[in-house]
Amino acid sequence: MSDAYAQSTTEADRAIPGPLASYTTLRMGGPAGRIVAAGGADEIIRAVQAADEPVLILAGGSNVVIGDAGFPGTVVLVRSGGLRVVAEDAGSVTVRVEAGEPWDDLVAATVANGWAGVECLSGIPGSTGATPIQNVGAYGQEVAETITGVEVYDRVGGTRQFIPAADCGFAYRGSIFKYRDRWVVLSVDFRLARSPLSGPVRYAELGRALGVEVGERVPLADARAAVLRLRAGKGMVLDATDPDTRSVGSFFTNPVLDRATYELLRERAVELGEPPHWPGADDTVKVSAAWLIDKAGFVKGHPGPDGVAISSKHTLALTNRTGTAHTADLIALARDIRDTVHTRFGVTLHPEPVLINCTV
Ligand SMILES: Cc1cc2nc3c(=O)[nH]c(=O)nc-3n(C[C@H](O)[C@H](O)[C@H](O)COP(=O)(O)OP(=O)(O)OC[C@H]3O[C@@H](n4cnc5c(N)ncnc54)[C@H](O)[C@@H]3O)c2cc1C
């Protein structure tokens, strides 16, 4: 079975102890009890049923931080693929996509077919089946807008089920699936508009890159190209030659604060001006984690212990700079950032990736 997710190997990478490192974009993680690759929905279910507890489902390995001690149980690698149209009308198509289908291959196919709705999510690494887990989002789009439902294997009931989007609990970088191993995603249904144009551009930086105002639409291929360019400039498209991409993307989510905590932040940051922020539901305010980290003194390129560093292109990405660094050192840098931001601004940062056998 060819492995679309295999990380390329360099001299430095071969020195990392433990095989799980080669299945993660961070190139970190110790040994596994057992690793099984499953190439289709039935195979995934059989692999999970046959596995000794505990089980870790791993696809692209782009949103996991695995401890240096590794994972003692069975790791099931999701290696299914393919998509098919399951419903269509004059204005839309619904595509069912196997969990292991590489996400960016799907986005490229939707753009080529004139199906709008995920074009701003171009260049995000990993699998399609993982996108509902944290409601993947970028540049003003998130998958919750187009997912109509998720087919899962329920490990508690031992059944295959279709969970409609309304029951997936989608939220900012979250869903009922995140941090829970009850459901194994087998396929995901997306309803996409038949349109040569993107949805209205919502993100100011993307609008500037495209030379349009927020709210305007652009050809799908232009949206994809602009997003890929912006992402590459921030080290947010995987590139084996670029150590800044040896990461999990953003390490921290943007904190969502109640009004009182936001006012406290403003007081503490008074000499820095108004913190970048976005109003949310129920009088909450989302603030920029990158701004907090930068203003707390952790600038791009900031070195951590033993080969880890903040990306030289993006404050939110913690990287395995040398390719031989250990999870413990990445965690030490993450703790230092979290604690310093808390002391300085009274705001607690939370990790975005799923931490396995390690904790910040
Ligand atoms: C350079 C870079 C840029 C990134 N940019 C973004 C971004 O812009 N926006 C964003 O939201 N994320 C981003 N990410 C994070 C990541 O790419 C996404 O979260 C992606 O969806 C993870 O997919 P994966 O297949 O790699 O998941 P994995 O890392 O393999 O798994 C992540 C979690 O999902 C679970 N999981 C995976 N597949 C299944 C399944 N089939 N069933 C049940 N559970 C499953 C795993 O057990 C684990 O808990 C970025 C990461 C990198 C490295």
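Predicted model: local features only at pLDDT ≥ 70, side-chain atom pairs only at ≥ 80, totals over all residues.
Me: Which element gives the most residues to the shell around the ligand?
Reply: The ligand is surrounded by 31 residues. Three strands, β2 (55-58), β8 (137-138) and β12, each supply at least two residues of that shell. The element that gives the most, with three residues, is β12.

Me: How many residues of the shell around the ligand are charged?
Reply: Among the residues surrounding the ligand, the closest are Ile57, Ala59, Ser62, Ser127 and Val185. Divided by class, the shell has 17 nonpolar and 11 polar residues. The number of charged residues in the shell is three.

Me: What percentage of the accessible area of the ligand does the protein cover?
Reply: A backbone N or O atom of Ala59 lies 2.8 Å from an oxygen atom of the ligand. An N or O atom in the side chain of Ser127 is 2.7 Å from an oxygen atom of the ligand, and a polar side-chain atom of Arg231 is 2.8 Å from a nitrogen atom of the ligand. Of the 980 Å² of accessible area that the ligand has on its own, the protein covers 94%.

Me: What arc around the axis of α3 do its buried residues cover?
Reply: Helix α3 (residues 103-113) has Trp103, Leu106, Val107, Thr110 and Val111 as buried residues. They lie on the same side of α3, because the arc that they cover around the axis is only 135°.

Me: Which helix is included in what covers the buried residues of α3?
Reply: The buried residues in question are Trp103, Leu106, Val107, Thr110 and Val111. Their cover includes the strands β5 (83-88), β6 (92-98), β7 (115-116) and β12. The helix included in this cover is α5 (220-233).

Me: Which residue just after α3 takes a positive phi?
Reply: Helix α3 comprises residues 103-113. Just after this helix, a positive phi of about 75° is found. The residue that takes this value is Gly114.

Me: Is Gly117 buried or exposed?
Reply: Gly117 lies in the loop between β7 and β8. Leaving aside neighbours within four places in sequence, Gly117 is in contact with Gln141, Thr146 and Leu192. The relative accessible area of Gly117 is 14%, and buried means under 20%, so Gly117 is buried.

Me: Is Thr74 buried or exposed?
Reply: Thr74 belongs to strand β4 (residues 71-78). Outside the four places on either side in sequence, Thr74 has contacts that include Arg34, Val36, Ala51 and Asp52. Because the relative accessibility of Thr74 is 2%, this residue counts as buried.

Me: Which residue does the side chain of Asn63 meet in a polar contact at 3.2 Å?
Reply: Asn63 is placed in the loop between β2 and β3 (64-66). Not counting residues up to four places away in sequence, Asn63 touches Gln134, Val248, Glu352, Pro353 and Val354. The polar contact at 3.2 Å joins the side chain of Asn63 to the side chain of Gln134.

Me: What separates the C-alpha atoms of Asn63 and Val354?
Reply: Val354 is among the residues that Asn63 touches. Along the chain, Asn63 and Val354 are 291 residues apart. Their C-alpha atoms are separated by 6.3 Å.

Me: Which backbone oxygen does the side chain of Arg173 reach?
Reply: Arg173 lies in the loop between β11 (159-164) and β12 (183-194), and its relative accessible area of 14% makes it buried. Among its contacts beyond four places in sequence are Gln134, Val136, Gly137 and Glu352. At 3.2 Å, the side chain of Arg173 reaches the backbone oxygen of Asn135.

Me: What is the phi of Arg173?
Reply: Most residues other than glycine have a negative phi. Arg173 is not a glycine, yet its phi is positive. The value is about 50°.

Me: Is Asp306 buried or exposed?
Reply: Asp306 is found in the loop between α7 (289-295) and β16 (308-310). Phi of Asp306 is positive, near 40°, in a residue other than glycine. Because the relative accessibility of Asp306 is 61%, and the limit is over 50%, Asp306 counts as exposed.

How values were computed:
Residues numbered from 1 in each chain as written. Heavy atoms only, no water. Helix = DSSP H or I, 4+ residues; strand = E, 2+ residues; numbered from the N terminus. Buried < 20%, exposed > 50% of the residue type's maximum accessible area, 1.4 Å probe, protein only. Polar contact = N/O pair within 3.5 Å; in protein donor to acceptor, adjacent residues only side chain to side chain. Contact = heavy atoms within 4.5 Å. Near = heavy atom within 4 Å. Areas by Shrake-Rupley, 256 points an atom, 1.4 Å probe, with all protein chains shown as cover. Nonpolar A, V, L, I, M, F, W, Y, C, P; charged D, E, K, R; others polar. Arc of directions from axis to C-beta.
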